[in-house]
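These notes record what I looked up about the strands and their pairing. I take the terms as they come up.

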Amino acid sequence: MDRKIKMDPKIALKTEALLKQMTLDEKIGQMTQVRHFDDIRMEEIQTRFIGSVIHTQGPVPGKEASEWQSKFTAMQERALATRLGIPLLFGVDAVHGQNTFEGATIFPHNIGLGATRNAELVEKVSTITAIESKATGFNWVFSPCAAVPLNEKWGRVYEAFSESPEITASLTAAAVLGYQNAAGKYGVMATAKHFIGDGATDFGIEGGNTSLSIEEVHRLLIPPYRAAIDSGVGAIMASFNTFEGIAMHAHKAMITDLLKQKLNFQGIVVSDWKAYSRFGQNEIINAGIDMVMAVDGDLYAFQEGVKKAVLNGEIVQERIDDAVRRILKQKFLLGLFENPFPDQKLIKSIGIQEHRDVARQAVRESLVLLKNNNNALPLRKDQKVVVVGEFGDNAGLQSGGWTVNWQGTSENYLGATTILKGVSMYSRCEVLYDPDGTAQIEDVDVALIVVGESPYAEFFGDIGGEMDKYQLTLTERHQNYITTYVEKGIKTVVVMISGRPLVVSNQIKQCDAFVAAWLPGSEGHGIAEVLFGKYDFKGKLPHSWPKSEKDYLGKYGPNYWDNSSSPLFPIGFGLKYHK
């Protein structure tokens, strides 16, 4: 059954009629995306004919959703006051829920959803994200990530579903349908990103070079984009990486010839951050970029540079018209000309129990059991448990990057439940807590040790990259948590919070049970539900699991299609309580 949103034939007629009325300045304005702070003054919505506004790291419109709606309503009123009254698109990086608004439902990151293999669940997650995003004033989300990561050193592995093109394609399609249909009522425009090769760069470097052959690109990386296009995705974002020695933003053969013509993508190709000044200025427009993030000082240079280029023939008028035609079609398709303002009634839907129940289900189904010796799990309610490690009682640490802040948070945030709280809800005994592994605790039955990676996003999380703050192993401190309790002779269950598989071969040998929990988001008690056996484990590895750091001496890590790799656990591995 084809459930993608259909383009009303009348939209094409409306688009062409509006396009004929537009001046060059108005067209370039539609191709412009800016932040609601720093980049513009309010009156420039009108004078610069701005087409789109994004919210990203920086000042928030307020603590309450009503304040967010009011801010974007005021900006929309400015746009509607222009000569042609073309409404604004409002975009946000809602990559695991409306994660920029504190109090929203925060779902497991995509790597966890990849472990569920549950397309129906992913569609529900995306539907809820669309509803809560619209409740805060947005009509466009920069999600889903359609990358196929080939190296776990990449700092964005967790934003992608799997190393498998097939799994990624299935869940990307489900996400697009969830965002854009959203029960047929609350849809937002989805964005498949980043086209193409972002997760396949040599050595996993964000924005690095992708040296795959064009055949490998088609075989490994294109399937999720084809699935997104078949599902009617409204936007595709270009990638920071280079391919064939050309910056992807300026790669006409890939953006125009392949994406737009061969794959027949009819939506908006949007740039990534500050692309105009970073990747060749007018070259990116000629390559096929339709809307540009003109941020951090790019606004005037972009608009004036493109206008000059059109007037001197460097950019042909047809290229501008193609870009604006695509933008206008999506605005008509979203119904923005009829309903340009946020719906105040949606505010009450943010973070409601119904949404959190779906998030908790996603947590349960994402957990992958890698080891369970001597029935260490499930835990019994009459066992005395100590939860060990700072990750055990910290919603920010368990949620990863893109949570409240771009780089995440190390604090608890509104509405979230920690793992410790979840365990306390299920145990009949007092649950002890040892936040730094130094407490003098002996008289317990089980040590539940929560370890993992501190939050990061984008290149900050690259291993061996520009920031080089992270590693493929657990920190020495977290390794010591495990060793300390093993040496006490206490039964040890390890729960690892991470955005990627890590090299933990020795730690898996040490403990009695080991669970890969990924980045579960706001509903930490979903972990407790499985640990205590209320639900069985369902998760299957979305990536091959490395044996050692030597697995990454080449360009890529262990991947299931690479016959030369021999992972510790293959993709699809996952134990259960009951066979």
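I count two strands as paired if DSSP finds at least two bridges between them. Helices (H or I, at least four residues) and strands (E, at least two) are DSSP runs, numbered from the N terminus.

The model is predicted: local features need pLDDT of at least 70, side-chain atom pairs count only at pLDDT 80 or more, and totals for chains, interfaces and linings use all residues. Residues are numbered from 1 along each chain as its sequence is written, and side-chain values use heavy atoms, with hydrogens and water left out.

Entry 1. I looked up the pairing of E2 (residues 52-55) and E3, and found that they run parallel, joined by four bridges. Serine 52 has leucine 89 of E3 opposite. Between E2 and E3 the chain passes through helix H4 (residues 65-80), and this β-α-β crossover is right-handed. Right-handed here means that, with the strands pointing away from the viewer, the path from the first strand over the helix to the second runs clockwise.

Entry 2. I examined the side chains of E3 (residues 89-92). Leu89 and Gly91 point one way, Phe90 and Val92 the other, and all are buried (under 20% relative accessible area, with exposed over 50% and partly exposed in between; 1.4 Å probe, protein chains only).

Entry 3. E3 also pairs with E4 (residues 140-141), parallel, over two bridges. Valine 92 stands opposite valine 141.

Entry 4. What is the strand order of the open sheet? I read E4-E3-E2-E1-E11-E10-E7-E5, eight strands with parallel pairing. E4 and E5 (191-195) stand at the edges with a single partner strand each, so one side of each lacks a neighbour in the sheet.
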